Amino acid sequence: MKKLLIICGPTATGKTGLGLKLAKRFNGEIISVDSRQIYQGMDIATGKDIKNGKWTNDHWELEGIPIWLLDIILPNQEFSVAYYTDLAWKAIRDIWDREKLPILVGGTGFYIKAVLENIPSQGIPPNWLLRKKLEKKSVKALFGELIKFDSCRAKQMNVSDRQNKRRLIRAIEIAKWLLKNPLPEKQKLPTAETIFIGLKTSLEKLYQIIDQRIEEHLKMGAKKEVKELLKKGFSWELPSMSAMGYQEWQPFLEGKSEIQEVLARWKFNEHAYARRQMTWFRKNKKINWFDISCKGWENKVENKIIIWYNKNKDAKKN
RNA sequence: GCCAAGAUAGCGAAGUGGUCAAACGCACCUCUCUGUAAAAGAGGAGCCGUAAGGCUUCGGGGGUUCGAAUCCCUCUCUUGGCA
């Protein structure tokens with residue numbers, strides 16, 4: 001069976017570094033799973049580790065290791081999990097064809113899930129007109145509407161999601177689509193032998209690392225990067241510009257706040273993000289967790305992978 | 001040294017006799033997750049307890065009152081104004 005390695009965990013835990021190391025050791029290539037690093041021109045604040053890399057044709061190469069799905073679109077282009085999954089599978093297949101090990105590296109949990117599990121509504125496209133219309137309604141009205149079209153789905157939604165406009169709208173969008181179209185055919189995903197490696201540490205420690213990294217990103221010219229994006233005509237309303245390290249600059253650049261506030265907000269947002277990532281990943285019981293503040297964690301990871309990596313070979317021999 | 005204003009939970013800031021363990025914002029913590037996911041949304045939060053409930057809070061101390069963050073006295077500190 002083909003193998004697929006996944007490295008996940010909250011931001012700033014050194015996933016890329018580990019990915020590179022393992023790629024060298026196990027003849028692998030990296031596929032980035034990051035919903036913001038897909039954008040061209042958003043390098044510093046998104047933490048794209050490509051300073052010493054070089055762009056070749058359609059992908060980055062760092063220390064001789066190809067990294068896929070970075071810089072694939074412009075900040076004003078439409079994107080979604082669905083696009084991502086298609087691209088990711090294309091990359092995975094290519095890597096397999098080259099008889100190498102694909103390594104998914106990233107912190108966007110939803111993307112990882114979509115790649116591996118096949119989300120039922122994938123294939124039902126957005127209906128922007130409908131969305132715009134529904135946007136004006138209250139959550140209550142939207143929920144009422146959803147009951148009309150798909151009471152079953154409505155009942156499934158929990159308290160949180162029933163208050164969530166965006167999700168209600170998508171649910172209605174799906175329900176309406178299904179009135180006229182059949183459920184999209186399930187993409188048959190190739191079966192792969194996967195292993196999940198999760199990197200984590202205490203929140204306290206994580207906040208320290210995050211803060212440090214943000215200071216570095218500031219020195220590297222995060223502000224300039226934002227200005228350049230604006231100069232190119234990318235506006236604050238774009239989903240891409242809601243990324244951390246970008247949106248925080250808006251009040252500052254409009255003269256409404258000090259740089260200290262920008263930094264504080266940026267840090268707080270990343271802390272909250274890291275927490276959210278953890279609550280997402282915690283649910284995935286397949287993840288083998290490693291605490292990066294424990295000495296020797298990298299060797300432990302490597303040992304774990306060696307066993308997993310060689311399983312196949314032994315089977316062949318027998 | 002005098003006068004004035006103030007001192008409220010981690011920070012900012014409401015409340016000015018009972019419905020206040022104390023609004024709201026931020027930080028913090030937990031959670032949700034079927035095409036925006038670094039998005040969007042729900043909840044928690046003094047202490048002890050799974051809970052019911054109990055115990056201790058509004059600068060310190062002392063009073064008034066059935067009852068005080070809220071009224072009075074005093075002390076300490078902060079900030080403005082005058083010397």
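Guide: One term to begin with: two strands pair if DSSP finds at least two bridges between them. By that rule S2 and S5 pair, in the parallel sense, over 2 bridges. Keep in mind that this is a predicted model.

Visitor: Which residue of S5 stands opposite Ile31?
Guide: Trp68 does.

Visitor: What about S2 and S6, how many bridges there?
Guide: Strand S2 (residues 28-33) and strand S6 (residues 101-106) have 6 bridges, and they run in the parallel sense. One of the bridge pairs is Ser32 with Val105 in S6.

Visitor: Zooming out, what is the strand order in the sheet?
Guide: Reading across, you get S3-S4-S5-S2-S6-S1-S7-S8. That's an open sheet of 8 strands with mixed pairing. The edges are strand S3 (54-56) and strand S8 (287-291). Each of those has a single partner strand, so one of its sides has no neighbour in the sheet.

Visitor: And how much are neighbouring strands turned against each other?
Guide: By 30° on average, if you ignore direction.

Visitor: What packs on that sheet, and which strands does it touch?
Guide: Helix H1 (residues 15-26) does. It touches strand S1 (2-8), S2, strand S4 (59-62), strand S5 (65-68), S6 and strand S7 (192-200). The direction of H1 makes about 175° with that of S6.

Visitor: Which way do the S2 residues point?
Guide: Gly28, Ile30 and Ser32 go one way, while Glu29, Ile31 and Val33 go the other, and all are buried. In general, side chains in a regular strand alternate between the two faces of the sheet.

Visitor: Now the S3 end. Do S3 and S4 pair in the parallel or antiparallel sense?
Guide: Antiparallel, over 3 bridges. Lys54 has Glu61 in S4 as its bridge partner. The S3 and S4 hairpin has 2 residues between the strands, and Asn57 takes a positive phi near 60° there.

Visitor: And S4 with S5, what sense is that pairing?
Guide: S4 and S5 pair in the antiparallel sense, with 3 bridges. Leu62 stands opposite Ile65 in S5. These two strands form a hairpin as well, with 2 residues between them. In that turn Glu63 has a positive phi of about 50°.

Visitor: OK, helices. At what angle do H2 and H3 pack?
Guide: Helix H2 (residues 81-97) and helix H3 (residues 109-117) pack at about 60°, and their axes are 9 Å apart. That angle makes H2 oblique to H3. The crossing is right-handed.

Visitor: Which residues meet there?
Guide: From H2 you have Val81, Tyr84, Thr85, Ala88 and Trp89. They meet Phe110, Tyr111, Ala114 and Val115 in H3.

Visitor: How about H9 and H12, what's the angle there?
Guide: About 135° between helix H9 (residues 203-219) and helix H12 (residues 259-282), with the axes 10 Å apart. So H9 is oblique to H12. H9 passes H12 in a right-handed crossing. On the H9 side the contact is made by Leu206, Tyr207, Ile210, Asp211, Ile214 and Leu218. H12 brings Leu263, Trp266, Lys267, Glu270, His271 and Ala274.

Visitor: I also had my eye on Gln277. Is that residue buried or exposed?
Guide: Gln277 sits in helix H12. It counts as buried, because it has 20 C-beta neighbours inside 10 Å.

Visitor: What does Gln277 touch?
Guide: Leaving out residues up to four places away in sequence, Gln277 touches Pro10, Thr11, Gly107 and Gly109. Gln277 and Cys8 are 9.6 Å apart in space, C-alpha to C-alpha, with 269 residues of separation in sequence.

Visitor: Last one: how is chain A divided into domains?
Guide: Into domain 1 (2-117 + 192-317) and domain 2 (128-180). Their centres, taken over C-alpha atoms, are separated by 31 Å.

How values were computed:
Residues are numbered from 1 along each chain as its sequence is written. Chains are lettered from A and ligands numbered from 1 in the order in which they are written. This is a predicted model: local features need pLDDT of at least 70, side-chain atom pairs count only at pLDDT 80 or more; totals for chains, interfaces and linings use all residues. Domain bounds come from an automatic or database domain assignment. Helices (H or I, at least four residues) and strands (E, at least two) are DSSP runs, numbered from the N terminus. Axes are lines fitted to C-alpha atoms, for helices over the stretch in contact, and angles run from 0 to 180 degrees between N-to-C directions. Two residues are in contact if their C-beta atoms, placed from the backbone, lie within 7 Å. A residue is buried if 20 or more other C-beta atoms lie within 10 Å of its own, exposed if 12 or fewer, and partly exposed in between; C-beta atoms are placed from the backbone. Angles under 35 degrees count as roughly parallel, over 145 as roughly antiparallel, 65 to 115 as roughly perpendicular and the rest as oblique. A crossing is left-handed if the near helix is turned anticlockwise from the far one by less than a right angle, and right-handed if clockwise.
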